[in-house]
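Hi there,

Here is the structure I promised to pass on to you. Have a look at it first, and then read my notes below.

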Amino acid sequence: MTSIWYEHARDRTWTSTPPSADALHFHQNLAGYSPTSLVDLPELADELGVGRVVAKDESSRFGLPAFKSLGASWAVRRLLRERADDRPVTVVTATDGNHGRAIAHWARVFGHHARVVVPSGVHPHAIQAIRDEGAQVMTIDGSYDDAVDTAMAVAAGPDLVLVQDTAWDGYERIPGWIVDGYSTLFAEMDEQLELAGAGTVDLVVVPVGVGSLLQAAITHYRRHAGGPAIMAVESDAAAFVAPSLAAGEPVTVATGATIMAGLNCGTPSSLAWPMMVRGLDAAVTVDDDIVVAAVRDLAALGVAAGPCGAAGLAALRIALGENTVHRRRHLGLNSDSLVVLIVTEGAEANPSPGTH
Ligand SMILES: Cc1ncc(COP(=O)(O)O)c(C=O)c1O
């Protein structure tokens, strides 16, 4: 088992510039919108010695089994809004599963086409689900970063547009829209917690692939001074957060095989990186075995999480299981604290852990 806890001193003087509410209003008016559920998990609060643990359950978001629809729908809509004519476009993207499925879905719903590049190690069911949305799928023998390079090359041509959920120098506008789309998840959750009279959040645990969802979390919670601790969770097969923070610059790591397909990315998004430096409190890596146990335990509590979705529980067990007084102090936790797990995918997104 290889798990790493890495603690980071965030800049407590920094506040973020949050996005406008446009994406939230767009989602709220989109057919099929309803807030995803927030599930109380008192058994886990007891186990972990905190006041309350809740899971934001993204297993059904606009009928798809991951949060990714929030970014894909908003970015595709923004893109189409800017085009001068109504000719169909082909949206091109690379994916480790969920983003490509969401892009294929929203391109189809808005009357356009999609071409999706898939790296090695993505479950055949996930690939079939992208095809079932009507997209052309291209599988390559390579990593997620290789698939992004391929998608970039494929997208060079008229009526082809790359809609990637990671940014790099010179390609930041569209991934920025995707992150704005993800912000709906956090705005929605604020309202749900307020309605539930839950009080303030003390810790948010966010799974990290390239860091775009983490960017949305940091942007949301750091818009005022204070705010909860934010902890990143990565697969030990693709963990760049701690090495990057330690180096003081974004580091690309070699990726391996993992059941957490959505987290199997070796390069931080250029937009996410400066947010991590300023706003993140800790990063934990988890391996497949501890995540399989977390999938099983969440299922027993009524949350049907896929591996990326369960990674947060695995990370919390690592973070609070050892050297616990020091780590709890670093995260600002006590026995009354409210902890939020972002369960980013349902079991259906990645149905058979261990079969890659
Ligand atoms: C289910 C799931 N969780 C988490 C992530 C990580 O998101 P990001 O790549 O924005 O860090 C992904 C990305 O594909 C995902 O599919």
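How many Å apart do the C-alpha centres of domain 1 and domain 2 lie? They lie 24 Å apart.

Before the rest, a word on the model. It is a predicted model, in which local features need pLDDT of at least 70 and side-chain atom pairs count only at pLDDT 80 or more, while totals for chains, interfaces and linings use all residues. Residues are numbered from 1 along each chain as its sequence is written.

**The two domains**

The protein chain is assigned domain 1 (5-66 + 182-349) and domain 2 (69-174); such bounds come from an automatic or database domain assignment. Between them, 27 residues of domain 1 are in contact with 25 residues of domain 2, where contact means that the C-beta atoms of two residues, placed from the backbone, lie within 7 Å. On the domain 1 side, helix H1 (22-28) and helix H7 (173-195) are the elements that give two or more residues. Helices (H or I, at least four residues) and strands (E, at least two) are DSSP runs, numbered from the N terminus. That side of domain 1 divides into 14 nonpolar, eleven polar and two charged residues. Here Ala, Val, Leu, Ile, Met, Phe, Trp, Tyr, Cys and Pro count as nonpolar, Asp, Glu, Lys and Arg as charged, and the others, Gly among them, as polar.

**Around the ligand**

The ligand is surrounded by 20 residues, and the closest are Gly 209, Ser 212, Gly 262, Thr 344 and Glu 345. To be counted as near, a residue must have its C-beta atom, placed from the backbone, within 6 Å of the molecule. Helix H4 (98-109) and helix H8 (212-221) are the elements that give two or more residues to this shell, and H8 gives the most, with three. Each of the two domains supplies at least three residues to the shell. By class, the shell has nine nonpolar, seven polar and four charged residues.

**The core and a helix pair**

The largest nonpolar core has 118 residues, and Ile 103, Val 205, Val 206, Met 231 and Ala 315 are those with the most contacts inside it. Such a core is a set of buried Ala, Val, Leu, Ile, Met, Phe, Trp, Tyr and Cys residues joined through C-beta atoms within 7 Å. A residue is buried if 20 or more other C-beta atoms lie within 10 Å of its own, exposed if 12 or fewer, and partly exposed in between, with C-beta atoms placed from the backbone. H12 gives the largest share of this core, ten residues. The contact is made by Ala 319, Leu 320 and Gly 321 of H12 and Thr 324, Arg 327 and Arg 328 of H13.

Which phi does Asn 323 have? Asn 323 has a positive phi of about 40° although it is not a glycine. Most residues other than glycine have a negative phi. Asn 323 lies in the loop between H12 and H13 and counts as exposed because it has 11 C-beta neighbours inside 10 Å. Asp 159, in the loop between helix H6 (144-154) and strand E7 (160-162), has a positive phi of about 60°. Asp 159 is exposed, with 12 other C-beta atoms within 10 Å.

Happy exploring!
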